[in-house]
Amino acid sequence: MVILMSILEVEMSAALQHPVGPHTVDEWLALPPAEDGARTELILGYLHVSPAPSGEHQLAAHRLARLIEDAVEDAGRTDLYVVPAVNVKISSELRTALIPDVVVLDRRPAGVSFPAEALALAVEVWSPASRQAERGAKMWAYAEAGVPFVWTLDPRHGLIAHRLDQGVYVLENVVTTGEPVTITASPVAVEVDLARLIAF
């Protein structure tokens with residue numbers, strides 16, 4: 001765990017070495033949707049365009065959303081809403097806006113974008129093409145915005161659930177192989193079986 005956290009801190013540091021770029025959150029919101037399904041995110045004033053997610057990526061995100069939604073319903077939490085791939089305004093000052101693969105909102109979804117403070121949980125499904133610096137920058141951005149829980153899923157390395165602790169993400173749960181694991185770094189406990197999650 002300590003080694004993984006050190007790697008994350010190095011990635012976050014590398015991601016922040018460049019000055020803030022020219023693009024604003026308002027400009028990002030005004031962009032037309034990509035016809036090919038590509039996603040454009042804004043990280044420290046720079047636009048990052050990712051190809052349309054693969055079928056494997058979408059299936060894993062969908063299964064995660066279903067697991068989380070079932071857990072929310074089982075816990076009787078009518079104040080939480082599970083939503084896939086929404087625009088999240090992280091910070092106008094830092095010129096950062098992201099599109100997590102799944103979010104849990106603390107308010108009813110309405111409109112085309114949400115403030116970071118609406119997020120009870122953000123989930124990122126990393127694609128093989130995503131660069132380490134970009135991953136680090138996203139984790140840093142979520143921490144700066146005060147998102148209490150972030151999950152990251154990389155089919156090669158498993159699911160890692162982070163809890164925000166004094167402005168820094170701490171690894172609380174790691175799901176690799178074997179028996180299902182109950183994720184506690186979450187607004188509600190969620191049991192995750194990685195084999196079923198990424199069985200394509």
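Analyst: Buried means under 20% relative accessible area, exposed over 50%, and partly exposed in between (1.4 Å probe, protein chains only). This is a predicted model: local features need pLDDT of at least 70, side-chain atom pairs count only at pLDDT 80 or more, and totals for chains, interfaces and linings use all residues. Residues are numbered from 1 along each chain as its sequence is written, and side-chain values use heavy atoms, without hydrogens and water.

User: Is Arg95 buried, partly exposed or exposed?
Analyst: Arg95 sits in the loop between E4 and E5. Its relative accessible area is 26%, so Arg95 is partly exposed.

User: What is the phi of Arg95?
Analyst: Most residues other than glycine have a negative phi. Arg95 lies in the turn of the hairpin formed by E4 and E5, which has 4 residues between the strands. Its phi is positive, near 50°.

User: Which residue in E7 is the bridge partner of Val88?
Analyst: E4 also runs parallel to E7 (residues 113–115), with 3 bridges joining them. The partner of Val88 there is Phe114.

User: Is Gln166 buried or exposed?
Analyst: Gln166 lies in the loop between E10 (158–165) and E11 (168–175). Its phi is positive, about 55°, although it is not a glycine. Its relative accessible area is 78%, so Gln166 is exposed.

Definitions and conventions:
Pairing = 2+ DSSP bridges. Helix = DSSP H or I, 4+ residues; strand = E, 2+ residues; numbered from the N terminus.
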